[in-house]
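The following note is intended for a colleague who is meeting this structure for the first time.

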Amino acid sequence: MRAICFYFQVHQPHRLRTYRFFDIGNRHDYYDDYQNRYIVRRVADKCYLPANELLRELIEKYKGEFRIAYSISGIALEQFERYAPEVLESFRKLAQTGHVEFLSETYAHSLAALKSEDEFRRQVELHREKMKDLIGVKTTAFRNTELIYSDKIGEMVAGMGFKTMLTEGAKHILGWKSPNYVYTNNLDPRLKLLLKNFKLSDDIAFRFSQQSWPGWPLTVEKYTEWLKGIDNKEEVVNLFMDYETFGEHQWPETGIFEFLKHLPGHVLENSDFKFMTPSQVTEKMQPVSAIDVPYPISWADEERDLTAWLGNELQDEAFDKLYGLEEKVKNCKSDKLKYDWMALQTSDHFYYMCTKWFSDGDVHKYFNPYGSPYDAFINFMNVLSDFMISLDKHCQDGKTESKHASKSKPARTTPKKKKHSITNISDLEGLPKTHMKRILRFTETATLAYALYEMDDELKDHILSHLGKKDLKYYENFQIKDPSPSDVEAARAKLLQLVKEYY
């Protein structure tokens with residue numbers, strides 16, 4: 001018996017809004033909520049929802065003979081909660097079949113494993129909790145961001161109790177060896193490794209619709225024959241790919257969904273392959289040897305190394321400056337600052353700074369909001385500069401408060417003036433003018449537009465009267481059509497959050 005292990009990565013970053021130099025010290029909202037919502041909704045409609053439904057039908061049709069695995073970043077889960085809750089529900093239905101495995105990873109889809117073991121462990125545990133809360137599963141196998149792996153990273157993962165980890169079957173690591181076996185970590189043999197068969201994976205993920213490719217058009221019959229052509233001694237074929245392959249990277253018009261629909265049945269009927277999840281493979285198959293990976297590998301680009309994220313001076317400077325704040329962030333008590341620091345670790349921010357535009361150029365440009373790597377670097381560093389100012393101010397305020405707390409205070413002779421109470425959106429009407437103007441300065445146009453949608457005219461006019469001419473023009477030009485109640489509610493919640501933060 002031989003196995004096919006299908007694994008899909010699901011991730012969407014929090015994209016940063018355009019953050020200019022003059023915003024530093026003045027605005028502390030870093031994320032482009034409008035763009036994030038648009039992309040998540042688009043990919044949900046084109047990929048996540050139709051692909052989840054199709055795969056659930058296949059699992060039911062083949063009564064457990066067809067099995068798959070996913071990893072979903074914590075950042076993606078948050079956005080599904082906010083923008084596409086039906087996607088979460090569809091993943092829960094997949095989990096309930098009992099034939100789908102969900103894997104652990106870093107919460108922010110970060111590169112923490114390369115820099116900080118403490119932060120790496122913290123994010124992995126945070127992700128496990130999120131998966132249990134939202135999907136209802138306990139994760140037991142692991143995949144690191146972009147399949148990044150080394151002997152040292154594998155040792156850390158084994159130390160956290162994982163028995164299975166996924167990574168890339170890089171040629172410069174394997175040499176003459178085949179990726180189609182189970183291997184072990186070189187430092188801790190308790191950790192079993194599954195290596196991606198990049199040729200057969202990329203035939204689907206990248207070459208499926210490429211008409212200049214000699215293998216085009218790819219049919220289930222042709223692909224099954226390729227699988228059958230693998231040496232009978234080789235035990236497992238690991239097909240790892242981005243989930244967005246189905247419907248987003250490869251559009252429905254290419255026939256990708258039809259290919260996916262008919263592949264499991266044709267493989268089961270015409271070969272000796274069975275479909276297994278990663279944990280099933282490592283439970284039923286014995287490793288053939290350890291592999292030596294002294295330097296990190298990944299599944300990115302032809303080099304299968306880290307140069308997509310840490311391959312130039314821009315990336316190195318941003319990366320080092322960000323992680324240089326770790327101790328200060330640990331000691332601060334602001335949940336918002338801690339969250340922002342984690343969100344800024346998302347690997348996509350460094351990927352956008354990549355200056356490799358050769359054979360992999362189209363991959364680096366996909367969903368890239370920047371015109372150039374230099375634009376990405378400048379925008380990120382502007383955000384990071386403001387974050388550092390806020391962090392320093394918070395730490396300084398904490399020290400001052402602690403210093404004053406140790407001294408006895410004279411008795412108050414006059415009653416303290418109470419702040420205006422803010423509990424819901426209607427309370428904004430009584431907010432002092434100076435405070436209202438300040439809060440609106442920190443509010444994205446999109447957030448304000450959604451928050452004011454179908455609001456009482458009197459309250460809306462009161463809020464808009466505090467906008468400057470330029471911001472009012474932005475608001476008037478911002479078009480929204482029939483937003484869902486959840487979008488409006490989320491925008492109002494964010495506006496109230498800003499009020500509580502800055503008032």
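**Notes on the predicted model**

1. Aspartate 202 touches Lys196, Arg207 and Arg304, not counting residues up to four places away in sequence; contact here means heavy atoms within 4.5 Å. Aspartate 202 is found in helix H7, where helices (H or I, at least four residues) and strands (E, at least two) are DSSP runs, numbered from the N terminus. With a relative accessible area of 9%, aspartate 202 is buried, a term that means under 20% relative accessible area, as against exposed at over 50% and partly exposed in between (1.4 Å probe, protein chains only). The C-alpha atoms of aspartate 202 and tryptophan 341 are separated by 34 Å, and the two residues are 139 apart along the chain.

2. On the basis of these notes: this is a predicted model, in which local features need pLDDT of at least 70 and side-chain atom pairs count only at pLDDT 80 or more, while totals for chains, interfaces and linings use all residues. Residues are numbered from 1 along each chain as its sequence is written, and side-chain values use heavy atoms, with hydrogens and water left out.

3. Serine 201 also has its place in helix H7, which covers residues 198-205. Its relative accessible area is 0%, so serine 201 is buried. A polar atom of the serine 201 side chain lies 2.8 Å from the backbone oxygen of asparagine 197 and 3.4 Å from the backbone oxygen of asparagine 238. Both are polar contacts (a pair of N or O atoms within 3.5 Å; within protein, one must be able to donate a hydrogen and the other to accept it, and residues adjacent in sequence count only if both atoms are side-chain atoms). Leaving aside neighbours within four places in sequence, serine 201 is in contact with Lys196, Tyr223, Asn238, Leu239, Phe240 and Met241.

4. Phi is near 60° for aspartate 301 and near 55° for arginine 304, neither residue being glycine. Most residues other than glycine have a negative phi, and most peptide bonds are trans. Aspartate 301 lies in the loop between strand E10 (289-291) and helix H11 (313-323), and arginine 304 lies in the loop between E10 and H11 as well. Aspartate 301 counts as buried because its relative accessibility is 9%; arginine 304 is buried, with a relative accessible area of 10%.

5. Which peptide bond is cis? The bond that joins tryptophan 216 and proline 217 is cis, with omega at about -5°. Proline 217 lies in the loop between H7 and helix H8 (220-228).

6. The largest nonpolar core has 61 residues, of which Tyr70, Phe91 and Tyr243 touch the most other members. H1 gives the most to this core, with 11 residues. A nonpolar core is a set of buried Ala, Val, Leu, Ile, Met, Phe, Trp, Tyr and Cys residues joined through side-chain atoms within 4.5 Å. A second, separate core of 59 residues includes Leu193, Val329, Phe377 and Val383. In soluble globular proteins, nonpolar side chains tend to be buried together.

7. Tyrosine 70 touches, among others, Phe91, Phe102 and Tyr243, not counting residues up to four places away in sequence. Phenylalanine 102 lies in strand E3 (residues 100-102) and counts as buried at 3% relative accessibility. With the same exclusion, the residues that phenylalanine 102 touches include Tyr70, Phe91, Met131 and Ile135. The C-alpha atoms of phenylalanine 102 and proline 278 are separated by 9.6 Å, although the residues are 176 apart along the chain.

8. How many cavities of 30 Å³ or more are there? The count comes to one. A cavity is a set of points, on a 1 Å grid over the protein atoms alone, where a 1.4 Å probe fits but cannot get out, and lining residues have an atom within 4 Å of a point. About 140 Å³ of space lies in the largest cavity, a volume being the space filled by probe spheres set on the points, which are joined across faces, edges and corners. Among the lining residues are Asp33, Arg37, Tyr83, Tyr450 and Lys494. H21 supplies the largest share of the lining, four residues.

Definitions and conventions: 1 Å grid on protein atoms, 1.4 Å probe; cavity = no way out; pocket = protein on both sides within 12 Å on 5 of 7 lines; lining within 4 Å.
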